[in-house]
Amino acid sequence: MATDKESERTYKAVANRRRIAILRHLHSGGATVGELARAIRLSVKATSKHMQILAASGFVQSEQQGLYVHYSLGAHSETQRILKNLFH
């Protein structure tokens, strides 16, 4: 069971329209920060900051692929439950 602090971090992560847009984009498949930034029309620096918040809360996972970091949705069951409620 999540602690109150973990729950706060989780829900704070999705309490932002830009991060919801990022999650919606990743719901269709993985992407790099640059690809996400173009898709949501935000700077790479700002998008990267949002990605840090989403990663810290478990919503996204990252994998180094050559020079780029490729992001995808996290596989944690609580994350999947929240995303299902957001997008279905």
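**Sheet arrangement and overall fold of the predicted model**

Three strands form an open sheet in the order β1-β3-β2, with antiparallel pairing, where two strands are taken to pair if DSSP finds at least two bridges between them. The edge positions are held by β1 (31–32) and β2, each of which has a single partner strand, so one side of each is left without a neighbour in the sheet. The structure is a predicted model, in which local features need pLDDT of at least 70 and side-chain atom pairs count only at pLDDT 80 or more, whereas totals for chains, interfaces and linings use all residues. Residues are numbered from 1 along each chain as its sequence is written, and side-chain values use heavy atoms, with hydrogens and water left out.

Strand β2 (residues 60–65) runs antiparallel to strand β3 (residues 68–73), and the two are joined by 6 bridges. Within this pairing, Ser62 has Tyr71 of β3 as its bridge partner, while Gln64 is bridged to Val69 of β3. The two strands form a hairpin with 2 residues between them, and in the turn Gly66 adopts a positive phi of about 70°.

The protein chain contains 5 helices and 3 strands, these being DSSP runs numbered from the N terminus (helices H or I, at least four residues; strands E, at least two). The C-alpha trace spans about 35 × 25 × 25 Å along its principal axes.

Of the contacts in the protein chain with a separation of 6 or more, 50% are accounted for by residues 24 or more positions apart, a contact meaning heavy atoms within 4.5 Å. Buried residues make up 31% of the 88 residues, where buried means under 20% relative accessible area, exposed over 50%, and partly exposed in between (1.4 Å probe, protein chains only).

Helix α4 (residues 44–56) includes Lys45, which counts as exposed at 72% relative accessibility. The C-alpha atoms of Lys45 and Val33 lie 8.8 Å apart in space, with the two residues 12 apart in sequence.
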